[in-house]
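Keep the viewer open while you read.

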There are 2 protein chains.
Amino acid sequence: MPKISHKGQEMPESPIRKLVPFAEAAIRKGKKIYQLNIGQPDIKTPEVALNAVKNHNIEVLSYSHSAGFETYREKLANYYKKSSIPVEKEDIIITTGGSEALLFAMGSITDPGDEVIIPEPFYANYNGFAIASGVTIKPIESTIDTNFALPPIAEFEKLITNKTKAILICNPGNPTGYLYTKDEIKQLADLALKHDLFIVSDEVYREFAYEGAQHHSIMSIPELSENAIMVDSVSKRYSMCGARIGCIVSKNKELMATAMKFAQARLSPPSFAQIASEAALDTPQEYFDDVIEQYTFRRNLLVEGLQKIEGVKVAKPRGAFYCIAELPVENTDDFAKWLLESFEDNNETIMVAPAAGFYSTPNTGMNQVRIAYVLKKEDLERSLEILEKALKQYNSQN
Amino acid sequence: MPKISHKGQEMPESPIRKLVPFAEAAIRKGKKIYQLNIGQPDIKTPEVALNAVKNHNIEVLSYSHSAGFETYREKLANYYKKSSIPVEKEDIIITTGGSEALLFAMGSITDPGDEVIIPEPFYANYNGFAIASGVTIKPIESTIDTNFALPPIAEFEKLITNKTKAILICNPGNPTGYLYTKDEIKQLADLALKHDLFIVSDEVYREFAYEGAQHHSIMSIPELSENAIMVDSVSKRYSMCGARIGCIVSKNKELMATAMKFAQARLSPPSFAQIASEAALDTPQEYFDDVIEQYTFRRNLLVEGLQKIEGVKVAKPRGAFYCIAELPVENTDDFAKWLLESFEDNNETIMVAPAAGFYSTPNTGMNQVRIAYVLKKEDLERSLEILEKALKQYNSQN
């Protein structure tokens, strides 16, 4: 039998999805599960986007431009300009989700053996994209005690070698919910300029900033125009994760010409989804106001609820819709599985994402979970109740 | 300024798309161009597929299963069974185009430095996927004199080293139109078993077989179940290139579990396109009968027309909708550019794909072009007329 690649063997199973078989088994037994494990919002997709697809008049569903519809890139550039991100349509390549934008970025700037520094905990699939690209991730730990703020720049400098090609951040952070301050972004920019590095900034949660906090894009620093690469996606902004539309954005012409070669090899991004995404740019402001109000409410409910549970510590998120909570258990992998397999309260349970999968350093975050506050009030309240009961039972048994 | 990766520098520009700037300039000057260069059919997408998307009742456009809709995979397995490809839904992962299926296959079976043997000329984007994956392509030349039949197995054996992981074929072939015989597939299967190699078979043109010829899938050989990987796509079958839906199919459980990790990292294939692709499986047989009749007519028209032009040699295709023609010019890169920049007949010209980009061996196929017969009768006839006039003028000037 021919052999699987080393790369394939090393590819991690998604920490978000590896509990799915246990959840499926629980569902088959009639258990109801509140899914706090995955960033799949229950928010309705804007009607303007859904209707654009309903009203399509396509006769031949042909390839689009490899960089995506020109009309879409133009409208998107206008949207960015309104968010203090001064880019033109030439600075944008539409991708199949933020995922493909990350792959194009890694392929364009790294060769096998090269290194990328990432503050951890980080979005778990960065591991998969790094392995697929042959890149080594050098993690720097950020901690729950600072709400996962940027680690000291001196810590970054310690890790920089001649193989370091980039620093990758997620702002606001998944899984941390941390929103980098203007000063932190400035510190990163100075570091990148000093060491001639790229900064890849995953800003897919840009709109989700709470308490009036402002988001500071890596693209808003003029000096960094040759170093900054932004990754974006429509998935969360318009609650259209299934569209699979994102983009890679940079003012660096050589980088974009290179990313374009990767884009041409896969021909084009999906057309129906581009129609929906282009139309989504006309979503009325009230939609976002409602959504932010909703998430703010959910965030407060969740964080306050968690703080009330004995032994639970939580980092207060100022962006995105996740938080990391430390639980009074030793191993959340085991606890999360137990929640699905062995626990029920009135035949209901919860599904959480063990946080170890969001760390690259082994045996880190073992007592943490990521919780997505993508469920409605009643479900979040019930989830908190279940978590409290479950922790008691789990700890009395173990 | 930070540096682009070596990988990024090596990524080839698509030979199909690198003439686009010249075409755009010609169009700006008001020239009409008949596009014979790209496999973008003018055939209408089945209404059943387009209507399924029009009639969607989605409220939250959420992620699908990373392997694609279960209902779609079930229907797809039934479709394959009817084509003598005995697979179940568990043997299928839905991908974003055949492109992503190829990337998943390469990632799952090769590490940087590994080798894949491919008969050339081959689909040019295999080069891009190989470079993105760090794989070295070992080409074996097939020739126009045999209509691009499978090169002798002894030639393959000469190239096999301990780094060889797979043989990649395209059946029927893009750009050759060659349809492998049952015996050729059997020879490849024996070779793969003898040397413990994977065979990756790109079968996206399966339905396009002419003169009643039968397509022989790599999946139809039971002994090869651990070695065979099929790549497929809806793009050409239903004239829906813009959907970006394909799949990777294999009975090898370890391989599929590995490909699934790549699939999970990118979350899911596009949802609207899956709706269209699932519905497309209900396309009535008359649609295909009409399409095959149309392509057969076009093929005969094109091949006979080319044979009549002095100095032109053409390999008669039995599948897909391309042919390779040898022209009485030294360098078709130059000729193709000249057609766009300097030639016009009644303000019209043609665009062809220089074939050198489909060869991996340098300076091979320099006098060949790939012609796609995706245009209607009148346009093909006019294109042939233009080609004949252009060749005369080009050769009288040079």
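Predicted model: local features only at pLDDT ≥ 70, side-chain atom pairs only at ≥ 80, totals over all residues.

**A helix pair in chain B**

Start with helix 2 (residues 20–28) and helix 12 (residues 332–341) of chain B, whose axes cross at roughly 20 degrees and come within 8 Å of each other. Helix 2 of chain B and helix 12 of chain B are therefore roughly parallel to each other. As for handedness, helix 2 of chain B goes past helix 12 of chain B in a left-handed crossing. On the helix 2 side of chain B, the contact uses B:Phe22, B:Ala23 and B:Ala26, while helix 12 of chain B brings B:Lys337, B:Leu340 and B:Glu341.

Now for helix 5 and helix 9, beginning with chain A. How do helix 5 of chain A and helix 9 of chain A lie to each other? Their axes, taken from residues 97–109 and residues 253–265 of chain A, cross at roughly 120 degrees and come within 9 Å. An angle from 65 to 115 degrees would count as roughly perpendicular and one over 145 as roughly antiparallel, so helix 5 of chain A and helix 9 of chain A are oblique to each other. Helix 5 of chain A makes a right-handed crossing as it passes helix 9 of chain A. From helix 5 of chain A come A:Phe104, A:Gly107, A:Ser108 and A:Ile109, and they meet A:Leu255, A:Thr258, A:Ala259, A:Phe262 and A:Ala263 of helix 9 of chain A. In this contact of helix 5 with helix 9 of chain A, the residues split into 6 nonpolar, 3 polar and no charged.

Over in chain B, the axes of helix 5 (residues 97–109) and helix 9 (residues 253–265) come within 9 Å and cross at roughly 120 degrees. Helix 5 of chain B and helix 9 of chain B are therefore oblique to each other, and their crossing is right-handed. Here B:Phe104, B:Gly107, B:Ser108 and B:Ile109 of helix 5 of chain B make the contact with B:Leu255, B:Thr258, B:Ala259, B:Phe262 and B:Ala263 of helix 9 of chain B. The tally for this contact of helix 5 with helix 9 of chain B is 6 nonpolar, 3 polar and no charged.

**Where the chains meet**

On to the interface: 77 residues of chain A are in contact with 77 residues of chain B. Between them, chain A and chain B bury about 6,600 Å², with 59% of it on carbon and sulfur atoms. Which three residues supply more of the area that chain A buries against chain B than any other three? They are A:Pro2, A:Arg17 and A:Tyr63, with 11% of that area. The rule finds 2 salt bridges across the interface of chain A and chain B. The side chains of A:Lys44 and B:Glu59 meet in a salt bridge, at 3.7 Å from N to O.

| Peptide bond | Omega | Loop holding the proline |
|---|---|---|
| A:Glu120 to A:Pro121, cis | near 0 degrees | A:Pro121: between strand 3 (115–120) and helix 6 (125–133) of chain A |
| A:Asn171 to A:Pro172, cis | near -5 degrees | A:Pro172: between strand 5 (164–170) and helix 8 (182–195) of chain A |

Finally, A:Asn363 is not a glycine, yet it has a positive phi of about 60 degrees. Look for A:Asn363 in the loop between strand 12 (353–354) and strand 13 (368–372) of chain A.

Conventions: Residues numbered from 1 in each chain as written. Chains lettered and ligands numbered in written order. Heavy atoms only, no water. Axes fitted to C-alpha atoms, helices over the stretch in contact; angles between N-to-C directions. Helix = DSSP H or I, 4+ residues; strand = E, 2+ residues; numbered from the N terminus. Parallel < 35°, antiparallel > 145°, perpendicular 65-115°, else oblique. Left-handed = near helix turned anticlockwise from the far one by under 90°. Contact = heavy atoms within 4.5 Å. Nonpolar A, V, L, I, M, F, W, Y, C, P; charged D, E, K, R; others polar. Buried area = accessible area lost by both parts, 1.4 Å probe. Salt bridge = Lys/Arg side-chain N within 4 Å of Asp/Glu carboxyl O.
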